[in-house]
Amino acid sequence: MRILLIEDEEILASVLLKSLTKQHYVVDVVQDGQMGWEYTQSTNYDLLLIDVGLPKLDGITF
């Protein structure tokens, strides 16, 4: 399963990345909503984990 994690808090993103990869998921991590949007246009993801309060493009607008 391929997951896109969009999270701007580095510590939380690191913990989630570690936990998800330990469960054998393929995880891409980006730190703002605009970059997350660009990733979704070029790659097919099975799951998007999106923070609500993101820079450039917030999680609700996303």
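I began with Asp-32, which counts as buried at 10% relative accessibility; on the scale I used, buried means under 20% relative accessible area, exposed over 50%, and partly exposed in between, with a 1.4 Å probe and protein chains only. The model is predicted, so I noted that local features need pLDDT of at least 70 and side-chain atom pairs count only at pLDDT 80 or more, while totals for chains, interfaces and linings use all residues. Residues are numbered from 1 along each chain as its sequence is written, and side-chain values use heavy atoms, with hydrogens and water left out.

**Entry 1: salt bridges**

I searched the whole structure for salt bridges and found two, taking as a salt bridge a side-chain nitrogen of Lys or Arg within 4 Å of a carboxyl oxygen of Asp or Glu. The background to this search is that side chains of opposite charge can pair when their charged atoms come close.

What does the side chain of Asp-32 meet in a salt bridge? Its partner is Lys-56, at 4.0 Å from N to O. Asp-32 lies in the loop between S2 and helix H2 (33-42), and Lys-56 in the segment after strand S3 (47-50), so this pair ties together parts that are 24 residues apart in sequence. Whereas Asp-32 is buried, Lys-56 is exposed, with a relative accessible area of 71%.

The other bridge I looked up joins Asp-28 to Arg-2, with the closest N and O atoms 2.9 Å apart. This pair also links distant parts of the chain, since Asp-28 is in strand S2 (residues 26-30) and Arg-2 in strand S1 (residues 2-6), 26 residues apart. I recorded Asp-28 as buried at 16% relative accessibility, and Arg-2 as partly exposed at 31%.

**Entry 2: the sheet and its helices**

In what order do the three strands of the open sheet stand? I read the order as S2-S1-S3, with parallel pairing; two strands pair here if DSSP finds at least two bridges between them. S2 and S3 stand at the edges with a single partner strand each, so one side of each is left without a neighbour in the sheet. Neighbouring strands of this sheet are turned by 20° against each other on average, direction ignored. For such angles, axes are lines fitted to C-alpha atoms, for helices over the stretch in contact, and the values run from 0 to 180 degrees between N-to-C directions.

I then looked at S1 and S3, which pair in the parallel sense over four bridges, and noted that Leu-5 stands opposite Leu-49 in S3.

Helix H1 lies across S1, S2 and S3 and runs at about 170° to S2. H2 packs on the sheet as well, touching S1, S2 and S3, and its direction makes about 160° with that of S1; contact means heavy atoms within 4.5 Å. H1 (residues 10-22) has 13 residues and reaches 18 Å from its first C-alpha to its last, close to the 18 Å expected at 1.5 Å a residue, where the expected span is 1.5 Å times one less than the number of residues.

I counted one aromatic pair, with rings of Phe, Tyr and Trp (its six-membered ring) pairing if their centres lie within 6.5 Å, and with planes under 30 degrees apart taken as stacked, over 60 as edge-to-face and the rest as tilted. Trp-37 and Phe-62 form this pair, which is edge-to-face at 5.7 Å centre to centre and 80° between the planes. Trp-37 is in helix H2 and Phe-62 in the segment after S3, 25 residues apart, and Trp-37 is partly exposed at 38%.

Tyr-39 is also found in helix H2 and is partly exposed, with a relative accessible area of 31%. Leaving aside neighbours within four places in sequence, I found Tyr-39 in contact with Leu-4, Asp-28, Val-30 and Tyr-45.

**Entry 3: positive phi**

I checked phi last, bearing in mind that most residues other than glycine have a negative phi. His-24, in the loop between H1 and S2, has a phi near 70° and is exposed at 71% relative accessible area. Lys-56 likewise has a positive phi, near 70°.

Methods
Helix = DSSP H or I, 4+ residues; strand = E, 2+ residues; numbered from the N terminus.
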